[in-house]
Amino acid sequence: MDIRPYEPQDEERKSDLDLHVTVRPGVRICRRYTHLDAHARMYGRCHTFVAEHEGRIVGVISAAIKDVRLAGQSTRAGYLFGLRVAPQARRHGVASALHARAEQATKDDGAAATYAIVMADNASVMPLTSKFALAQTDRVETLVAPVARQRSDRTNVRTEHLPEAIAQRIDPFFEKHDLFVRGSERYPAAGQFVLHCAERGSSSAAVTVSSHSAAFQDLVEFVPACLRPLRCFWDTIRPLVTLPHIPVRGRTVSTRWIGEPVLDGPEAMGLLHEVFRHIHNKAVEEGVHWLMMPIRSSDPRRQLIRDAFSAGRLARLLRADSTVPSLLLFKPFVRGCTVNPERLYLDTRDF
Ligand SMILES: CC(C)(COP(=O)(O)OP(=O)(O)OC[C@H]1O[C@@H](n2cnc3c(N)ncnc32)[C@H](O)[C@@H]1OP(=O)(O)O)[C@@H](O)C(=O)NCCC(=O)NCCS
């Protein structure tokens with residue numbers, strides 16, 4: 001087995017390197033990457049390594065290099081992601097070899113630490129993370145809300161597309177947060193980032209919305225049988241009532257990723273409700289099915305943000321909103337390099 005940097009020709013010889021994940025109770029999707037290094041293109045500096053065995057590409061991993069803040073210092077960190085090994089090549093040390101190579105690449109680039117995000121229920125990856133001494137630092141929940149038309153906005157929600165302008169708006173709120181990357185490099189063109197913002201008096205609420213469609217597509221593999229008859233009824237009454245989409249087996253689900261809200265002033269939470277309503281309505285127009293928002297489990301505003309993010313009372317009643325729990329794992333290479341879970345920034349590119 002050979003572990004080496006990715007080359008575009010590897011696309012022709014790749015094995016099954018899709019990811020199969022459960023995103024909502026009973027709903028399974030297959031995440032199909034447009035290229036082996038497609039997600040890596042979201043980052044200014046990134047390495048992708050592949051494992052080659054008998055002429056086939058049987059494994060892949062990427063490592064992004066980020067200039068971040070950690071323990072109050074400007075530091076370089078490596079983010080390891082996109083590890084997949086073809087089913088027939090598993091349990092032969094391929095992932096271990098890929099991980100070791102990617103970790104070394106981050107060290108060679110001057111990283112003082114690496115981190116990774118894994119789904120909390122992914123038992124197959126946990127032995128690997130302990131083998132490489134990645135320690136759990138925080139739990140992260142990705143809130144999943146099905147898109148549903150909302151009553152029309154009362155507030156004027158402004159939209160900003162320029163990465164520099166988005167960074168200018170967001171940076172002052174997070175620049176002291178751990179793992180925060182300053183500036184417009186956080187908003188690459190591939191992610192199609194936009195900022196939606198509402199203001200009233202001295203209060204404001206703003207969030208970024210982005211797309212991962214340049215990196216991967218989510219194909220619905222399985223939907224619980226009980227939802228299928230419901231869908232026909234649903235589709236008939238949808239023009240009359242606000243109802244969330246029910247995924248259809250064999251079709252892709254289109255998603256948008258919402259960044260951590262920036263809230264300021266006494267009316268910020270009310271404004272956030274209006275920004276989310278606006279995002280739901282825009283998503284309906286664009287044919288988007290689900291909104292996804294990572295949030296720290298320890299965030300004291302979690303329940304309030306969750307309520308604002310939800311598609312509405314009916315969706316809550318039908319349990320159409322859900323969460324995907326994951327773990328943030330961290331490994332320092334130098335003494336004293338730590339992450340403070342209370343001041344942790346979640347970069348939507350990392351999900
Ligand atoms: C997780 C995954 C990458 C592991 O790849 P792999 O090449 O089989 O891993 P390795 O052979 O290097 O094994 C690493 C360690 O994990 C253990 N391990 C691997 N798969 C396991 C499983 N299904 N259950 C329990 N332990 C497992 C191995 O025994 C090994 O420990 P050891 O060296 O102490 O014996 C692979 O199963 C996979 O691609 N899964 C689907 C994608 C995924 O979940 N990626 C992780 C996203 S964060």
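The model is a prediction, in which local features need pLDDT of at least 70 and side-chain atom pairs count only at pLDDT 80 or more, while totals for chains, interfaces and linings use all residues. Residues are numbered from 1 along each chain as its sequence is written. Helices (H or I, at least four residues) and strands (E, at least two) are DSSP runs, numbered from the N terminus.

The overall layout comes first. The domain assignment divides the protein into domain 1 (2–142 + 328–350) and domain 2 (144–327), with bounds that come from an automatic or database domain assignment. Taken over C-alpha atoms, the centres of domain 1 and domain 2 are separated by 25 Å. Across the boundary, 48 residues of domain 1 are in contact with 43 residues of domain 2; two residues are in contact if their C-beta atoms, placed from the backbone, lie within 7 Å. On the side of domain 1 that touches domain 2, two or more residues come from each of strand 2 (19–24), strand 3 (27–33), strand 5 (56–70), strand 7 (113–119), strand 8 and strand 17. Strand 3 gives the most to this side, with 7 residues. By class, the side of domain 1 that touches domain 2 holds 24 nonpolar, 9 polar and 15 charged residues. Here Ala, Val, Leu, Ile, Met, Phe, Trp, Tyr, Cys and Pro count as nonpolar, Asp, Glu, Lys and Arg as charged, and the others, Gly among them, as polar.

One of the residues involved is Arg28, whose bridge partner in strand 12 is Phe222.

Strand 8 and strand 17 (residues 322–332) run antiparallel and are joined by 9 bridges, with Val140 opposite Ser326 of strand 17. Strand 8 also pairs with strand 16 in the antiparallel sense, over 7 bridges, and there Leu143 stands opposite Met293. Glu141 is another residue of strand 8. Glu141 is partly exposed because 19 other C-beta atoms lie within 10 Å; the cut-offs are 20 or more such atoms for buried, 12 or fewer for exposed, and partly exposed in between, with C-beta atoms placed from the backbone. Not counting residues up to four places away in sequence, Glu141 touches Ile295, Ser297, Thr323 and Pro325. The C-alpha atoms of Glu141 and Arg306 are 11 Å apart, although 165 residues separate the pair along the chain.

The ligand comes next. Of the 19 residues around the ligand, Arg90, Ala95, Ser96, Ser124 and Pro127 come nearest, where a residue is near if its C-beta atom, placed from the backbone, lies within 6 Å of the molecule. Strand 6 (73–85), helix 1 (94–108) and helix 2 (126–131) each supply at least two residues of this shell. By class, the shell has 10 nonpolar, 5 polar and 4 charged residues.

Strand 6 includes Gln73, which counts as exposed because it has 10 C-beta neighbours inside 10 Å. Between strand 6 and helix 1 runs a loop that holds Arg91. Arg91 has a positive phi, near 65°, in a residue other than glycine, and is exposed, with 8 other C-beta atoms within 10 Å. Leu179 likewise has a positive phi, near 70°. Leu179 sits in the loop between helix 3 (163–174) and strand 10 (194–200) and counts as buried, with 25 C-beta neighbours inside 10 Å.

Terms used
Pairing = 2+ DSSP bridges.
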